[in-house]
Amino acid sequence: MKPPIKTSRRDFIRTGSLGAGALLLGSALSSLAAHKPGKKLGIALVGLGGYSGGQLAPALQHTKNCYLAGIVTGTPAKAESWSKKYNIPQKNIYNYQNFDEIAGNKDIDIVYVVLPVSMHKEYTIRAARAGKHVICEKPMALNANDCREMIAACKKANRLLSIGYRLHFEPHNQEVMRLGQKQIFGKVTKIDTGNGFTYNGDPNAWRLKKALSGGGALMDMGVYSIQGTRYTLGQEPIAVKATQEKTRPDFFKEVDETIFWELKFPGGAKVTGKSSYNNNWGYLHVEAEKGQFSLEPAFGYGGLDGTINGKPMNIPNNRQQTAQMDDFATCVTLNKKSRVPGEEGLKDMKVVDAIYRSLDSGNWEKIV
């Protein structure tokens, strides 16, 4: 099912995949790590844009191990409306000038950074220095070097860092991980994946400004495709060759529109991927020696579906963000590394950096 042509990124991910049972608490919730009994941990959302308002805050109304304790926003009107809607006390509301004062707030254990990509590094590091554990939304940072600085800062502060990779807590994608990594149908021989939507939104949006976003569809949507190949194989790619297409150069002046790539993996699987701000894609197709499996829709907020050897997976959907944040709260309680730590975000950004280098050079680029 394709979304309407006039859509935003968030609308695409949501409506391009929502279906019956999209908000059911699926069986994946039962796979969450066990945790010690105790108080719910408080989460503060930093940045109250569409994802915080449309997904994270609603998901936090269903969490068992954490709750929405605070917010950080530069818009007084949002501070007032969120305070009323979610019963957030004034002492737990911050702006970008007094953010560091969050260090003294015992109600807040975790800071979730949901800002333009260019601000991820700064607020992850400031949150860690303030003594808070951190979830940073994807893509992790503008480049791999920034990721390394974020990881180092959190380790120095002895704080846990997790990346907002919700699909690691989604049952259809978890099944793909199992089938591929455990070679249920033998060695994976081929993967093709794509993720994108037709961007007809605000031409002045931060996502179209390279200084704020770091890039276009590759940074925003392509990370899902890169992740999909990595967690299907359970391997890290060693080189990439990429090409790009831009049919609307006046609109996508600063950032990439559509990128195609091929990844080399140690196991020899043929892996192709693509990302776009001008095509409605959202699939992951896998071929193995003795079978095949796929997801389509593959990467949305709900309503995901898949097949195994042509037969439906028949797996219920879940509240992905609820499962994701509950799991991290458990990790904090047990002082246990997240299944999607900062290193996971770094691995993706190493691939992204290499793709951009390949676009410049026209050659295969090593992923280092």
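Which residue forms a salt bridge with Asp109, and how far apart are the closest N and O atoms?

## Asp109 and Lys39

The partner of Asp109 is Lys39, with 3.3 Å between the closest N and O atoms. A salt bridge here is a side-chain nitrogen of Lys or Arg within 4 Å of a carboxyl oxygen of Asp or Glu. Asp109 sits in the loop between strand E3 (93-94) and strand E4 (110-113), and Lys39 in the loop between helix H1 (9-15) and strand E1 (41-46), so the contact ties together parts 70 residues apart in sequence. Helices (H or I, at least four residues) and strands (E, at least two) are DSSP runs, numbered from the N terminus.

Asp109 is buried at 18% relative accessibility, whereas Lys39 is exposed at 57%. Buried means under 20% relative accessible area, exposed over 50%, and partly exposed in between (1.4 Å probe, protein chains only).

## Basis of the values

The model is predicted: local features need pLDDT of at least 70, side-chain atom pairs count only at pLDDT 80 or more, and totals for chains, interfaces and linings use all residues. Residues are numbered from 1 along each chain as its sequence is written, and side-chain values use heavy atoms, leaving out hydrogens and water.

Asp146 and Lys121 form a salt bridge at 3.3 Å, N to O. Asp146 belongs to helix H5 (residues 144-156) and Lys121 to helix H4 (residues 120-129), 25 residues apart. Asp146 is buried at 13%; Lys121 is partly exposed at 23%.

Arg178 and Glu175 meet at 2.8 Å, N to O, both within helix H6 (residues 171-181) and three residues apart.

## Whole structure

The search finds 19 salt bridges in the whole structure. Arg230, Glu236, Glu344, Lys347 and Asp348 are linked in a network of salt bridges.
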